[in-house]
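Subject: the model, plus my notes

Hi,

Here is the structure I promised to pass on. Have a look at it first, then read on for what turned up.

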Amino acid sequence: MKIQNGNNRRRFQRVTALGIVCLILCTPSISLGWGAGGHMMVAQIAFKRLNPKAKAKANELLAIAINPAAISARSKDFVNAAHWPDDLRQFPEFDSFKELHFIDNPFSIDGTPLPALPTPNIVTALQDNVKILQTSTDKNAQAQALRFIIHFVGDIHQPLHCATRVDAAHPEGDRGGNLVSIKIPDKDGKLKTSNLHSYWDGGIGTFPPTGPNFRPPPLSQIPAAAALAIAGNPDTDPALKLNDPFAFSAWADESFALAKSVAYNGITTGAKPTAAYNSEALKVARKRVAWGGYRLAALLNTIWPN
């Protein structure tokens, strides 16, 4: 999981300038997770629940200037650190990390044989990065691992990060809805073509939006959005199992079930989602953000107890 070593660090420095240009000029072919707003909401919820020691350790690690410095300098606070892995999506040095944002658990709708479940994936990535926080003495490695954990706990709670729908047209799956075209209204109310995964990444069009060139929303927009996610989703739900903060496979199984029962349910390719679909999907999206925040805090509080 580490890239903060000699060879990789030198290669990363050589491509940093090119990567920044790519960030500005390139458009990704697929979506990689909750949008920056959704990830920041998860982190906002978690940070307010950290115990003093965990909060101090997180602040200490996030102050470390890991490569690429120009990108990491924008994510030295806990909430902005949540979108750090996606900020690097165009850097060639990070291509091998893209598969760690999800676990494409396949299901077939027409009897098409299922592809194998890929590894590594987000479950193994969380296990590996948690081990780094628990056992490594390398502060740079810990600083990177913390950023990944903040982000991946958010991703694993996005239903379409834990499922891929298989059929004859997509025998390897639809990439968590990335290949499912839908129509959604733009800011002027006109219908535009998007994909199902992106729709969920943006909280069914309600989360603070990512700006031009993937610029994250301002911090000022996050507390109110996080409060909406918490409302109606208390941390007292016994299904949260906050006393078992390392249950990454179980979290992925929850998302897989929700992908089949909600995210894909009632979607017609090329059509606009119905009002009933949007209502149910928004409830689930907000709940998953809230649960991601609660569980992220429980995880870090367990790693760094008072």
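Predicted model: local features only at pLDDT ≥ 70, side-chain atom pairs only at ≥ 80, totals over all residues.

Residues are numbered from 1 along each chain as its sequence is written, and side-chain values use heavy atoms, with hydrogens and water left out.

Buried means under 20% relative accessible area, exposed over 50%, and partly exposed in between (1.4 Å probe, protein chains only). Helices (H or I, at least four residues) and strands (E, at least two) are DSSP runs, numbered from the N terminus.

Back to β3: it runs antiparallel to strand β4 (residues 191-195), with 5 bridges joining the two (strands pair if DSSP finds at least two bridges between them). Pro-185 stands opposite Leu-191 in β4. The hairpin has 5 residues between the strands, and Gly-189 takes a positive phi near 85 degrees there.

Overall, the protein chain has 12 helices and 4 strands. Buried residues make up 52% of its 306 residues. As for contacts (heavy atoms within 4.5 Å), 75% of those with a separation of 6 or more are between residues 24 or more positions apart.

Just after α10, Gly-232 takes a positive phi of about 80 degrees.

On to the rings. The structure holds 12 aromatic pairs. Rings of Phe, Tyr and Trp (its six-membered ring) pair if their centres lie within 6.5 Å; planes under 30 degrees apart count as stacked, over 60 as edge-to-face and the rest as tilted. One of the pairs is Phe-107 with Phe-256, edge-to-face at 6.1 Å centre to centre and 75 degrees between the planes. Phe-107 is in strand β1 (residues 106-108) and Phe-256 in helix α11 (residues 248-263), so this pair ties together parts that are 149 residues apart in sequence. Phe-107 is buried at 13% relative accessible area, and Phe-256 counts as buried at 14%.

There is also a cluster in which ring pairs link Trp-84, Phe-94, Phe-97, Phe-148 and Phe-152. Over the face of Trp-84 lies Arg-147, 5.7 Å from the ring centre. The cut-offs for a charge over a ring are NZ of Lys or CZ of Arg within 6 Å of the ring centre and within 35 degrees of the ring normal. The charged end of Lys-55 likewise sits over the ring of Phe-47, 4.8 Å from its centre.

Trp-84 and Arg-147 turn up again around Ser-75: leaving out residues up to four places away in sequence, Ser-75 touches Leu-62, Asn-80, Ala-81, Trp-84 and Arg-147. Ser-75 lies in the loop between α4 (69-72) and α5 (78-81) and counts as buried because its relative accessibility is 0%.

Finally, some backbone details to check in your own viewer. The peptide bond from Asn-67 to Pro-68 is cis, with omega near -5 degrees, and so is the one from Thr-119 to Pro-120, with omega near 0 degrees. Arg-175 is partly exposed at 44% relative accessible area, whereas Ile-204 is buried at 8%.

Cheers
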